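Good morning. I have one structure to go through today, and I will take it region by region. Please have the view open while I talk.

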Amino acid sequence: MLRNYNRFTSISSLISKRLNSSSTMTSKLAPLSASKVKISVRPENERNQPIKNEDLIFGKDFTNHMLTVNWDNKQGWHAPEIKPYGNLSLDPSTCVFHYAFELFEGLKAYKSLKNEKDIIMFRPDKNMERMNKSSDRICLPTFESEELIKLIEELIKLDKDMIPKGKGYSLYIRPTMIGTSEGLGVHTPDKAMIFVICSPVGPYYKTGFKAVSLEATDYATRAWPGGVGDKKLGANYAPCIKPQLEAAKRGHQQNLWLFGPNKNITEVGTMNVFFALKNSQTGKKELVTAPLDGTILEGVTRDSVLALCRENLDPAEWEVNERYLSIDEVKERAAKGELIEAFGSGTAAVVSPIKNISYQGVDISVPLQEGKQSGKLTEDVMKWISDIQYGITEKANWTKVF
Ligand code: COI
């Protein structure tokens with residue numbers, strides 16, 4: 001398996017060299033340029049009004065405007081358009097509908113809790129970097145990250161009154177790219193479109209910051225070596241719903257995705273996953289998440305959790321490791337009282353505490369703090385990240401304030 005995987009990575013680096021040389025060949029194509037944007041605004045009397053925080057449901061409502069940018073292989077990127085939110089019109093033969101030429105991102109903008117007028121975007125450069133990696137993988141065009149960030153900023157400013165205020169509330173931004181070539185031939189799209197829509201959101205789960213129960217899933221696989229599990233492709237998400245429904249039938253909110261003969265833990269639902277363990281002999285604690293081996297989404301929140309834990313946790317007490325962790329190790333260590341806590345991490349929920357894992361019909365219970373919905377580290381991580389997102393603490397290069 002490992003040998004095949006290495007062979008794939010060398011094939012994939014060859015392909016990416018070819019792609020790079022073909023993008024050099026096409027370097028006369030117009031780059032994405034924010035300065036060319038054309039803006040048409042929705043008349044005041046037709047606009048949706050801000051929604052009350054208590055009425056927000058994740059991803060249900062959208063702001064008044066959207067961004068679209070078309071691309072074709074003769075011209076390159078066309079002039080971006082910011083216009084009233086509305087339907088797209090595409091021929092039914094368009095390749096996105098048939099061969100899944102689609103990728104997306106998720107990032108958020110926050111109303112600062114320190115300076116009321118400031119809007120804060122959290123690490124948009126990381127999302128743009130990942131979006132370009134996803135588009136390259138499915139032969140869609142890459143783009144100038146800084147330019148798309150500037151365009152998103154313009155889009156948000158136009159609808160800034162719809163960004164909800166308060167901790168737990170934000171504007172969820174969904175940049176998407178699709179192949180728009182018409183026809184049923186399977187080939188590199190000669191046309192593509194980026195669109196960006198924005199949704200005012202509250203907590204991802206209706207229940208709020210509440211620990212979830214998982215079913216360890218080994219009968220279905222989210223991602224595999226040589227696959228595209230590390231890319232944010234829509235095609236990675238639809239196949240995961242059926243196993244989620246199966247888990248739900250047995251009373252669990254999410255799947256804990258396992259992989260391979262060792263049943264290594266990879267991700268939880270649509271999120272990366274972290275486990276905190278304690279060595280009962282030495283007393284030393286360890287925070288573990290799966291390594292980025294091509295099967296794990298390169299989560300921006302994952303990266304932020306790792307960076308903040310490496311910065312804030314005392315190394316005499318804690319080790320922070322990206323390593324394989326099998327469900328059997330979790331089970332054995334839980335039996336010895338060495339499982340301290342576990343949580344998922346993602347843009348939508350930030351962190352999502354875990355209280356239970358059902359594995360082969362047996363429950364592994366994950367400790368929570370007395371009378372609370374999470375462990376202490378999960379709570380600390382949530383605070384460290386959200387304080388930066390809401391402008392309470394500063395972290396150089398992690399925020400774009402406007
Ligand atoms: C996230 O956790 O950030 C996600 O990607 C979830 C999203 C698909 C709604």
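**A walk through the model**

At 43% relative accessibility, K376 counts as partly exposed. K376 is bonded in a salt bridge to D380, and the closest N and O atoms of the two are 2.7 Å apart. Both residues belong to helix 8, residues 376-389, where they sit 4 residues apart, about one turn of the helix. Before I go further, please keep in mind that this is a predicted model.

Let me stay with salt bridges for a moment. How many salt bridges does the count come to? The count comes to 27. One of them joins E322 and R310, with the closest N and O atoms 3.1 Å apart. This pair links distant parts of the chain, since E322 is in strand 15, residues 318-322, and R310 is in helix 6, residues 300-312, with the two 12 residues apart. On accessibility, E322 is partly exposed at 34%, and R310 is partly exposed at 43%.

Another salt bridge is between the side chains of E44 and R47, at 4.0 Å from N to O. Is E44 buried or exposed? E44 has a relative accessible area of 61%, so it is exposed; the cut-off for that word is over 50%.

There is also a network of salt bridges, and it links E286, R323, E329, R333 and E338. Where is it? E338 is in the loop between helix 7, residues 327-335, and strand 16. E338 is buried, with a relative accessible area of 4%.

Of its 8 residues, 7 are buried, so strand 13 is largely enclosed by the rest of the structure. Which strands does it pair with? Strand 12, residues 264-268, runs antiparallel to strand 13 and is joined to it by 2 bridges. In that pairing E267 stands opposite N272. The two strands form a hairpin with 2 residues between them, and G269 in the turn has a positive phi of about 50 degrees.

Strand 14, residues 285-289, also pairs with strand 13 in the antiparallel sense, over 5 bridges. This is a hairpin too, with 6 residues between the strands, and here G283 takes a positive phi near 80 degrees. Strand 16, residues 339-346, runs antiparallel to strand 13 as well, and 6 bridges join them. Look at F274 in particular: F274 stands opposite T289 in strand 14, and F274 also stands opposite F343 in strand 16.

Now strand 10, residues 212-217. Here 6 of the 6 residues are buried, so strand 10 is largely enclosed by the rest of the structure. In a regular strand the side chains alternate between the two faces of the sheet. In strand 10 both faces are covered, with V212, L214 and A216 buried on one side and S213, E215 and T217 buried on the other. Which strands pair with strand 10, and in what sense? Strand 17, residues 350-359, pairs with strand 10 in the parallel sense over 4 bridges, and V212 stands opposite I354 there. Strand 11, residues 254-259, pairs with strand 10 in the parallel sense, over 4 bridges. The bridge partner of T217 in strand 11 is W257.

Which residues are around it? They are F58, Y204, K232, Y237, T270, M271, G346, T347 and A348. A polar side-chain atom of K232 lies 2.7 Å from an oxygen atom of the ligand. From the backbone, an N or O atom of T347 lies 2.9 Å from a ligand oxygen, and a polar backbone atom of A348 is 3.0 Å from a ligand oxygen. Taken alone the ligand exposes 280 Å², and the protein buries 89% of that.

Y99, L184 and V186 make a nonpolar surface patch of about 300 Å². Y99 lies in helix 2, residues 95-99, and is partly exposed, with a relative accessible area of 32%.

Note on methods: Residues numbered from 1 in each chain as written. Predicted model: local features only at pLDDT ≥ 70, side-chain atom pairs only at ≥ 80, totals over all residues. Heavy atoms only, no water. Patch = residues over 30% accessible without salt bridge, like charges linked within 9 Å, V, L, I, M, F, W, Y side chains within 5 Å. Areas by Shrake-Rupley, 256 points an atom, 1.4 Å probe, with all protein chains shown as cover. Buried < 20%, exposed > 50% of the residue type's maximum accessible area, 1.4 Å probe, protein only. Pairing = 2+ DSSP bridges. Near = heavy atom within 4 Å. Polar contact = N/O pair within 3.5 Å; in protein donor to acceptor, adjacent residues only side chain to side chain.
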